[in-house]
There are 2 protein chains.
Amino acid sequence: MSQRQVKAAVLLIGDELLSGRTQDVNLQTIAKFLAPLGVQVAEARVVADVPDEIVAAVNALRAKYDYVFTTGGIGPTHDDKTADAMAAAFGVNIDVRDDARAILEAHYRGATNLNEARLRMARIPDGASLIANPVSRAPGFQIGNVFVMAGVPSITRGMLQDVGHRLQGGAVVQAVAVRGKRLREGDIAAGLQALEEAAPGVSFGSYPWFAPGEDYGVNLVARSADAEALTKAGEDLQALIRSCGVDPEVVADL
Amino acid sequence: MSQRQVKAAVLLIGDELLSGRTQDVNLQTIAKFLAPLGVQVAEARVVADVPDEIVAAVNALRAKYDYVFTTGGIGPTHDDKTADAMAAAFGVNIDVRDDARAILEAHYRGATNLNEARLRMARIPDGASLIANPVSRAPGFQIGNVFVMAGVPSITRGMLQDVGHRLQGGAVVQAVAVRGKRLREGDIAAGLQALEEAAPGVSFGSYPWFAPGEDYGVNLVARSADAEALTKAGEDLQALIRSCGVDPEVVADL
């Protein structure tokens, strides 16, 4: 398996994610959407609604990764600073654009007036292409290798439907997960490291869990783009757990 | 209110957060814990279990913020790379330390053997102080302005109890939130911007929501370290919502 690894970063934008007001769910949504397309999320950042911070983060990430996916900050209010920050990051102009304005005009016709605030949502950096919003219509946009989406989770999910077909994925990393109830990490650590060292194309992870009713255990996960190596890794993990006197249970994973 | 703003970063470490396998909850836990202590989370990053990435992130963040809080990667298995990465970031030695070893010896006495893998959890960078772990005993540590904690959410919460008393907080930012059902962001955007411009010590945020049953609305949030300005901001937000013919509802926020 020598297919190229395609790596992406996620940039979550919004004061509310940092104040603790809002629990982010978009990182997981995006990661799960991209994985089967052969795009691996390799880093994520969360920044406040501060233009300089947004510009610095997106410029660092777009230089380092194949793709960047941002959420948040493209609505009609003064705290929505993402579109202007993207224009600044790419050094291009930004203004109300006819195609975006037409989408909003069709949506708001009659019921609500398309005032100056709503027209902010038709401001698109020069050179960007629109990303359709099947939920509330105001579009996102793609500029270079950066996909700029809304932060409301249902809208993020909707916009991803107009993103997947634009991506050139690489190797698809798949995972097998095996659960060992009442297994302790310290007892399988040496065996797990031996597996990692013997299988260069597979990465192994160990995730302990503690359930409220005083129960505990470990989930062992192998990840690889090589299906054959992954099958063997799954069998090796089961054998490792059995060697501790625990019955392994293969569980669903990403 | 001229009390200093104390800013922090959160660094979440673990492949499982980027693959989509695990939904992070520690960022919100830490932000909500720090806010009443007068420490504001200003940025967060998520990196994989890759030493160079961990070192680069922690060095960037500890130089920029008053405090850094990390979670993940301090267990006994080969994919736990955080402790060694912190030693590398600070340019200090790391080895099994007697006080950490004594904690593990007391915990594992009899029931389980303190093997080489478990002893990895007693590896502490030179100059660090231990952070107590009331859940599973293996300690975290503080080195400089960086607090290194476990990633399992119950253990993160437990370790924070031994962190708060070490912090020098500044201004405590408080929030008021007012909910407008069937309010549309585009109708209050101009009024909200006017409020933001008239109240330099207050920041206003607008958060639209869409409920499954086709209902929708906006939560307007004001944040400030100035209690008097915040009270006025809350009243202004209610008046703004009323001016759109909607009954405002003051809701609990952070």
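What follows goes through the helix pairs, then the interface, then the charged pairs.

A: The model discussed here is predicted, and every value below is computed from its atoms.

In chain A, helix H3 (residues 51-64) and helix H4 (residues 82-90) have axes that come within 9 Å and cross at roughly 55°. On the H3(A) side the contact is made by A:Pro51, A:Ile54, A:Val55, A:Val58, A:Asn59 and A:Arg62, which meet A:Thr82, A:Ala85, A:Met86, A:Ala88, A:Ala89 and A:Phe90 of H4(A). Sorted by class, this contact between H3(A) and H4(A) comprises nine nonpolar, two polar and one charged residues.

Chain A also holds the pair formed by helix H8 (residues 185-198) and helix H9 (residues 227-242), which pack at an angle of about 160° with their axes 10 Å apart. An angle over 145 degrees counts as roughly antiparallel, and H8(A) and H9(A) are therefore roughly antiparallel to each other. H8(A) passes H9(A) in a right-handed crossing. The residues that meet are A:Ile188, A:Gly191, A:Leu192 and A:Leu195 from H8(A) and A:Asp236, A:Leu237 and A:Leu240 from H9(A). By class, the contact of H8(A) with H9(A) has five nonpolar, one polar and one charged residues.

In chain B, the axes of helix H8 (residues 185-198) and helix H9 (residues 227-242) come within 10 Å and cross at roughly 160°, so that H8(B) and H9(B) are roughly antiparallel to each other. The crossing of H8(B) and H9(B) is right-handed. Here B:Ile188, B:Gly191, B:Leu192 and B:Leu195 in H8(B) are in contact with B:Asp236, B:Leu237 and B:Leu240 in H9(B), and the contact is made up of five nonpolar, one polar and one charged residues.

Turning from packing within each chain to the contact between the chains, 55 residues of chain B touch 55 residues of chain A. The area buried between chain B and chain A is about 4,700 Å², and carbon and sulfur atoms give 51% of that area. Within chain B, the residues that lose the most area to chain A are B:Leu18, B:Arg21 and B:His78, which together account for 15% of what that side buries.

Side chains of opposite charge can pair when their charged atoms come close. Over all chains, a search of the whole structure finds 28 salt bridges, and the count between chain B and chain A is six. One salt bridge joins the side chains of B:Glu53 and A:Lys64, at 3.0 Å from N to O. Within chain A, A:Glu105 forms a salt bridge with A:Arg101, and the closest N and O atoms of that pair are 3.0 Å apart. A:Glu105 and A:Arg101 lie four residues apart in helix H5 (residues 98-108) of chain A, and are therefore separated by about one helical turn.

Conventions:
Residues are numbered from 1 along each chain as its sequence is written. Chains are lettered from A and ligands numbered from 1 in the order in which they are written. This is a predicted model: local features need pLDDT of at least 70, side-chain atom pairs count only at pLDDT 80 or more; totals for chains, interfaces and linings use all residues. Side-chain values use heavy atoms; hydrogens and water are left out. Axes are lines fitted to C-alpha atoms, for helices over the stretch in contact, and angles run from 0 to 180 degrees between N-to-C directions. Helices (H or I, at least four residues) and strands (E, at least two) are DSSP runs, numbered from the N terminus. Angles under 35 degrees count as roughly parallel, over 145 as roughly antiparallel, 65 to 115 as roughly perpendicular and the rest as oblique. A crossing is left-handed if the near helix is turned anticlockwise from the far one by less than a right angle, and right-handed if clockwise. Contact means heavy atoms within 4.5 Å. Ala, Val, Leu, Ile, Met, Phe, Trp, Tyr, Cys and Pro count as nonpolar, Asp, Glu, Lys and Arg as charged, and the others, Gly among them, as polar. Buried area is the accessible area (1.4 Å probe) that two parts lose on being put together, summed over both. A salt bridge is a side-chain nitrogen of Lys or Arg within 4 Å of a carboxyl oxygen of Asp or Glu.
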